Amino acid sequence: MAQIQFSRGIDEDVIPDVRLTRSRDGSNGTATFIFENPKALDSSSTEEITGMYLIDEEGEILTREVKGKFVNGQPTALEAFVLIKSQEEWERFMRFMERYAQEHGLGFTKAE
């Protein structure tokens with residue numbers, strides 16, 4: 001069970017594009033999630049976006065760094081950032097991503 005939510009209890013169906021950056025010494029990094037036309041922005045959704053919750057059997061990773069993207073005044077995408085501040089946080093984040101990728105059929109491509 002690995003899910004992403006923007007409002008507690010409501011799973012996001014759209015699979016994000018995820019980009020990872022990491023310092024050379026591995027001490028910190030950033031994960032950028034881009035959701036194109038997510039369910040959370042659907043006109044029928046009345047729930048408030050309170051953050052991005054990455055939920056699995058180990059618990060929850062939470063970020064409040066969520067921004068909307070708009071085209072002609074209409075919301076089209078959500079962009080969320082997870083700041084990773086230690087080797088332990090990086091390993092925890094990667095365990096979540098491995099579970100999420102397995103459940104949702106994602107692949108991983110390492111940049112050269």
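Author: Read along the sequence, the protein chain follows the pattern β-β-β-β-β-β-β-β-α. Helices (H or I, at least four residues) and strands (E, at least two) are DSSP runs, numbered from the N terminus. The radius of gyration, taken over C-alpha atoms, is 14 Å, close to the 13 Å that the globule rule gives for 112 residues, so the chain is as compact as a globular protein of that length; the rule itself is 2.2 Å times the number of residues to the power 0.38. This is a predicted model in which local features need pLDDT of at least 70 and side-chain atom pairs count only at pLDDT 80 or more, while totals for chains, interfaces and linings use all residues. Residues are numbered from 1 along each chain as its sequence is written, and side-chain values use heavy atoms, with hydrogens and water left out.

Reader: Which order do the strands of the open sheet follow?

Author: Strands pair if DSSP finds at least two bridges between them. Here four strands form an open sheet in the order β2-β1-β5-β6, with antiparallel pairing. Its edge strands are β2 (10-11) and β6 (59-63), each of which pairs on one side only. Between β5 and β6 there are five bridges, and tyrosine 53 has leucine 62 in β6 as its bridge partner.

Reader: What joins strand β3 to β4?

Author: Six bridges join β3 (residues 17-22) to β4, and the two run antiparallel. Arginine 19 stands opposite threonine 32 in β4. The two strands form a hairpin with six residues between them, and glycine 26 in the turn has a positive phi of about 75 degrees.

Reader: Is serine 7 buried or exposed?

Author: Serine 7, in strand β1 (residues 3-7), is buried at 8% relative accessibility. Leaving aside neighbours within four places in sequence, serine 7 is in contact (heavy atoms within 4.5 Å) with Glu47, Glu48, Ile49, Thr50 and Tyr53. Glutamine 3 also has its place in strand β1, and its 18% relative accessibility counts as buried. Not counting residues up to four places away in sequence, glutamine 3 touches several residues, including Tyr53, Leu54, Phe96 and His104. Over the protein chain, buried residues make up 38% of the 112 residues.

Reader: Where is asparagine 37 found?

Author: Asparagine 37 lies in the loop between β4 (29-36) and β5 (52-56). Although it is not a glycine, asparagine 37 has a positive phi of about 50 degrees. Its relative accessible area is 55%, and the residue is exposed. Asparagine 72, in the loop between β7 (66-71) and β8 (74-84), likewise has a positive phi, near 50 degrees. Asparagine 72 counts as exposed at 77% relative accessibility.

Reader: How many positive and negative side chains does the protein chain have?

Author: In such a count Lys and Arg are positive and Asp and Glu negative, while His and the chain ends are not counted. The place of a charge is taken as NZ of Lys, CZ of Arg, CG of Asp or CD of Glu. The protein chain has 13 positive and 21 negative side chains, and the centres of the two sets lie 5 Å apart.

How values were computed
Buried < 20%, exposed > 50% of the residue type's maximum accessible area, 1.4 Å probe, protein only.
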